[in-house]
Amino acid sequence: MALRDSLQILVVDDMATSRSLIIMALEEIGIKKIDFSVDGKSALQSLSTRPAHLVISDYNMPEMDGLHLLHALRNGPATKGVGFILVSGRVDQKIISTGKQLGMNNFIQKPFTTPQMKDCIQAVVGPL
Amino acid sequence: MSSSAEIRHTFFQECDDLLEALDDGLCEIDEGVSDQSFDPETVNAVFRAVHSIKGGAAAFGLDELVQFAHQFETVLDSMRSGNLIANEEVLKLCHRAADYLNDLVVAGRDDVDPPKGSSQDLVEKLSGLLPGKLEAKKEENSGAIGDFNFAPAAISIMDDVPGAVSVVSTYVVKFRPHKTLVSSGNDPLLLFRELSELGELKVSADFGGIESLESLEVDECRITWSLEVDTNLSELEIREVFEFVDGMCDLEISKSGPAALGNEQETNLNQLEVDANPRSDAKISSGNDSVGRGKSGSSGGGANATVRVNLELVDRLINMVGELVINQAVLTQCIDDAGVLDNGELSTSLAEFKNLARDIQESVMAIRAQSVKPLFQRMARIVREASELSGKEALFETEGETTEVDKTIIERLVDPLTHMIRNAVDHGLEAPDLRRSAGKLETGKVKLSAAHRSGRVIIEVSDDGSGINREKVFNIAVEKGLIPADSSLKDSEIDNLLFLPGFSTAEKVSNLSGRGVGMDVVRSAIQKLGGRVNIFSKPGAGTTMSISLPLTLAVLDGMVVDVAGQTMVVPITAIVETLRPDPEDIHKLGSENTVVSVRNKLVPVVDLGVVFGHRSSAVSLSEMVLLLVESDDAMSWALAVDQIFDQRQVVIKGLESNYGYVPGVAAATILGDGNIALIIDPEETARRSDKPSESMSILAMEGK
C-alpha cells in the first residue's frame, strides 16, 4: 500500500482560492486523506481531535500566520512531531530562516506545479 | 473536488471580497492618517489583501496583475514596517492603485486587455514612494525545493499517527439530584445537553428510587443518572456544567481511563497497514463522527456564516415563487367561482396559503437584497477620478450604506449613478477660486445617500455647489428648440429640463460629463427599473438629484382596476387616495381638460381609458373612480378608472425584452384567471397624457 493512500494531510489557508489550489494538487498527486482549516487557530483545534502526518500551511494569514502556527505546533506535546510545509507567495530569507529555526520541514513558493508540490512533500515524508 | 475553472471562479469571487477589504482598510487608514492613529493591523490587513490577490493571480498566469500587485504590495509592506510614513499623499496614491488593481482584476476575469493609460505613471509614482534600496525587486523565481536544506520530518507512518490525541478520556458522572432539584426550577435534561457539548455522552437512568404511585410526589426528583462522557477537557469543566445545581445534588465524577478514541487510534493504525479492510474503515468513520462534527464546527465558527449561491439558482427560485403566487391567485379565483368559499375551513386555509406564499416570497427577495455599500465604494472612486480630472477638490460623503436593495437594481444603478456623480463634481461643484470667493470651503462636498422610504428606496446625490443656473438652462433649452421662447416654467420644471434628450449645459465639453450621454439617458435607465429621478436645486447652496426606486423588480402591491373593460394594475405605492367625485367637484377647463377639486385643490383628471386608447372620449366622470397619484415633486393627478376590482400582490413580468420600453407601461402581470394585465406607470402616464396640467408641462412635450 502506497504512502499516498495513508498520509493524512491538513491544509491551512484562509483564502479559498489557494486552499483549493493546494488541495487540487494533492488530489492530483493521489493523496486520499486531505483535511483543511481556514486559519491557524482552527488548525490547532482540528489537530487536537483529528491528527495529521503533515501540515501544509500558508504563511500569509490573519491573526496567526504560518510561522506562529508552526511555533504552536512544535510546542504542543501532541503535535510537535508533525511534518510542516510552509507555502508562501514570496521567498523571504527571513521567513525561511525563522522557519528553519522553528523546525519547518520544507518550503514551497506559490504558484507551484503539481510535480513541484509532490517533490516538496516527498522531501519530507519519503516516496509517495 | 474542484476543477481549475471552478477555482478560477472562486478566485475572482474572493477578489471581490479582498478588494472590498482593501478599500475598507484604506478608508480606515484615511481617517487616522492625520495623527497616525490608525490601527497597524489595518495596514497589515490591507497588505494581506493585495498579497492574496497576487498569490491567486500568479496561479492563473495573470502576469500584469501580479506585477502590479507586487509593486503595490511592496509599498504597503514598507508602510507596514514603518519605512514609509503614511500621509495623505501616499494614501491618495494607494487609493488610485487599489482602483487600478480592481481594473486589472476585472480585466483578468473578463479575459480582456487591462486598461492602459495611467498604469505606467502609477507604477512610477508607487516606486517613487520607496526609499531607493527598498525598490521592489523583480520577483525571484526560485520555487525550487532542494535549495533550502530542510530536514525531512521524522514521520513514520507505520508506527503511529503523529500528534495522536491521547488526552481524551472517559469520565463517569454519578448524578443524584436532591428531591428539591426539580421543584426549584432546574431541568436535568438541560444539564445533560450541555454536557453532551463537551463530548460523546452516554446517559443511563436509575429508576430504583421511584416509589409506588400512591406515595409519589410529582415535584420530587427520584431518578438518579449515570453519565459517561468522552472528552479531552478536564474534570473541572465537567463540574462547571453542574455549577447551577450545586448543593441540590450529589455529584461523583471519576475518570475511567482512556476513551474509545484510544482504541480508535489502534484501529487507525490497523487501517494504515491494511487499508483493504473495509470493516475497519467503517469503524473509523463512525467513530470519527462526533469528532468530525466538532471539527467542522471549529473551522466554520470563526468565519461568516454565509454561503455563496449561484445567482441563477436564486433567480430560478424567485421565478418559481412568482409562479406560486400566481397559482395561488388562480386557485383562489377557481374556488371563488365554484362558490364554495363559504366553507369556513377552506377560506381559512386559503388565507393561510396566501400568507405563506407571501412570506416565502419575501424571504426569497431578502436573499437577493444586497447592501448598497459596494456600489457606494465604486462611486467613491468615481469622485476621486472626477476630482482629479476636473481639478476640483471633492470630499465624498455617504449615508445609509447598509440599505439593502435588490441585486439587479444595484447592478443597473452603476451607470446612471456614475454619470450623476460625475455631473455633481464636474457641473455641480464650482472651481476652487469661485468657491473661495463665495465664502465656501475650497473642497466641495458630494454626498451619496440611500434610505428606505414608504416601500421604496430613495438614493440621493447632492453637492454643495452653486446650484442650477436656471436662466442659463432656460436659454439653452430655447436655443436648442426644446421649448418655445415664451414658455413660463416653474423653477422645478426648469430644473427638470436637464433630463430632456440632447441637453447639455457645459459650454466646453469636458472630458468627464460631455460624453454625448445626457441626463436623459440617466432618466431612462432609472425608468427602466421602475424608478423616477428628480432634481432639486437651491441657487448658491447646491443641487440634489433624487432617485426613487422600487425595492424589488419581482413583485408589487397593485390595485387591480377596470379601464373600459380592460383590466389594469396600478402600483399601490403611487396611489395617495381613491375617491368617487361629487359632480359639483368636477370642472371643465376648456374643451378637453377636466380638473377635480379635492379639498379645495384642483387636480387634473387623466382618463386611463382615453390615454390607452380604449375609448375615444371621457365618459361621465361622476360614475368613475378616481385614483389620486402624486409624484415626488408634489405634482398630483387623478387617474379615472371604471371600477376597482381588488388589491393584491402581482408578479411583475417585464415587457422590455419583448417590446422595448413602452411609455406609461411599467410591466405586465398574469392574473388569477390567467389573463394578462398591464401594470401602468401612473406618473409617466399622467405626464404623457395629452392634457397638460396647469402650465406647460415640459415633460409632456418630451418625445413628441
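**Helices and a sheet in chain B**

Helix H14 (residues 373-390) of chain B lies across E6 and strand E8 (444-453) of chain B, and H14 runs at about 165° to E6(B). The model is predicted.

Reader: How do I read a pair of packed helices?

Author: Two packed helices are described by the angle between their axes and the distance between the axes. Take helix H3 (residues 63-80) of chain B and helix H5 (residues 119-129) of chain B. Their axes come within 9 Å and cross at roughly 30°.

Reader: Why are H3(B) and H5(B) called roughly parallel to each other?

Author: Angles under 35 degrees count as roughly parallel, so that is the label for H3(B) and H5(B). The crossing of H3(B) past H5(B) is left-handed.

Reader: Which residues in H3(B) and H5(B) meet?

Author: From H3(B) come B:Phe68, B:Gln71, B:Phe72 and B:Val75. They meet B:Val123, B:Leu126, B:Ser127 and B:Leu129 in H5(B). By class, this contact has six nonpolar residues, two polar and no charged ones.

Reader: Now the sheet. How do I read that?

Author: Strands of a sheet pair through backbone hydrogen bonds, either parallel or antiparallel. In chain B, five strands form an open sheet in the order E6-E8-E9-E11-E10, and the pairing is mixed.

Reader: Which are the edge strands?

Author: Strand E6 (394-399) and strand E10 (532-538) of chain B; each pairs on one side only. On average, neighbouring strands of this sheet are turned by 15° against each other, direction ignored.

Reader: In what sense do E10(B) and E11(B) pair?

Author: Antiparallel, over seven bridges; strand E11 of chain B spans residues 542-550. As one example, B:Ile535 has B:Met545 in E11(B) as its bridge partner.

Key:
Residues numbered from 1 in each chain as written. Chains lettered and ligands numbered in written order. Predicted model: local features only at pLDDT ≥ 70, side-chain atom pairs only at ≥ 80, totals over all residues. Axes fitted to C-alpha atoms, helices over the stretch in contact; angles between N-to-C directions. Helix = DSSP H or I, 4+ residues; strand = E, 2+ residues; numbered from the N terminus. Parallel < 35°, antiparallel > 145°, perpendicular 65-115°, else oblique. Left-handed = near helix turned anticlockwise from the far one by under 90°. Contact = placed C-beta atoms within 7 Å. Nonpolar A, V, L, I, M, F, W, Y, C, P; charged D, E, K, R; others polar. Pairing = 2+ DSSP bridges.
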